[in-house]
Amino acid sequence: MKRLTPYLLALPGWMWLAIFLVVPMAAMASVSLQTGNAIDGFAMTFSVSNYTDALSRYSTQLARSLAYGAAATVAMLAIGYPVAYWIAFKGGHRKSMYLFLLLLPFFVSFVLRTISWGFLLADDGILFGTLKGWGLLPADFHVLATAFAVIAGLTYNWLPFMILPIYVALERVDPRVVEAAQDLYASRTAAFRRVVLPLSLPGVFAGVLMTFVPATADPVNAQVLGGTSNTMIGNIIQTTYLTNLQYPTASALSFTLMAVLLVGIFAYARALGTENVLEAAAR
């Protein structure tokens, strides 16, 4: 019975994953191979052409989503790592307060936060309208309906998911290790590059995974901030499924996006060195 105890404790979690993850994924895989329409119904025909047609038709939106997601992830890493570093090493007894302030926007709806970002970036909004009124910007200057607006919105909305894993990794770094490196005549830059950065790689790895995937598939920022010329694959999937009722095409697009993301994640893990990351995390 003792040998079965760990498996029995994990059973509710496995059942939850099976019911709400495996079963829906299997159903979506089945739908992606069907043909038909919403009026006459769909039939299983094992039509692989759903994938090839969807990929050829929406390859531009897929490439744009990957580019926007990658750009937002790089921006989040550039902004989030210094913030996490400062909280971990300079926050002192106020670390909890800084983390609370970091999570405070999550008490507001994701959609409302995106819409408020749209108000901020509006042509005649509080920021650019004021600058235009002062003559610091030309009258035809605009940010909304551009790639920058979408990437900025993605960066803003998903930034805490980059900061928190990096902070957890940096919090585990023993300051005495850094002091030892400096005692061995290492400069601050060298100590960071040879000691702190390698030990924080598990947090960087987790942060990139937690931000790149949702940022690439996010439909809200592109719809609110991007306009018709910056449509992402998430918008295509949403419209294809909910408006056009083309369930096989939408399912094929979803699986194609998931496959591309998995390939990118494995390539990223290989380039970063998964074994070294896991060894650092285990210490």
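Helices (H or I, at least four residues) and strands (E, at least two) are taken as DSSP runs and numbered from the N terminus. Thr256 belongs to one of these runs, helix H12, which covers residues 247–272. The model is a predicted one, in which local features need pLDDT of at least 70 and side-chain atom pairs count only at pLDDT 80 or more, while totals for chains, interfaces and linings use all residues. Residues are numbered from 1 along each chain as its sequence is written, and side-chain values use heavy atoms, with hydrogens and water left out.

With a relative accessible area of 12%, Thr256 is buried (under 20%, against over 50% for exposed and in between for partly exposed; 1.4 Å probe, protein chains only). A polar atom of its side chain lies 2.7 Å from the backbone oxygen of Ala252. When residues up to four places away in sequence are not counted, Thr256 touches Tyr51, Leu55 and Leu62 (contact means heavy atoms within 4.5 Å).

Arg3 sits in the segment before helix H1 (5–32) and counts as exposed, at 77% relative accessibility. Between Arg3 and Ile19 there are 25 Å in space, C-alpha to C-alpha, for a separation of 16 residues in sequence. Ile19 is also part of a nonpolar surface patch, whose other members are Leu4, Tyr7, Leu8, Leu11, Trp14, Met15, Trp16, Leu17, Phe20, Leu21 and Val22. Together the patch residues have about 1300 Å² of accessible area, computed by the Shrake-Rupley method with a 1.4 Å probe, where for residues only the protein chains shown count as cover.

Finally, strands E1 (residues 34–37) and E2 (residues 41–44) run antiparallel and are joined by four bridges; two strands pair if DSSP finds at least two bridges between them. Three residues separate E1 and E2 in the hairpin that they form. Across the pair, Gly36 stands opposite Phe42, and Asn37 stands opposite Gly41.

Technical notes: A polar contact is a pair of N or O atoms within 3.5 Å; within protein, one must be able to donate a hydrogen and the other to accept it, and residues adjacent in sequence count only if both atoms are side-chain atoms. Patches are made of residues with over 30% relative accessible area and no salt bridge: like charges are joined within 9 Å, nonpolar side chains (Val, Leu, Ile, Met, Phe, Trp, Tyr) within 5 Å. A salt bridge is a side-chain nitrogen of Lys or Arg within 4 Å of a carboxyl oxygen of Asp or Glu.
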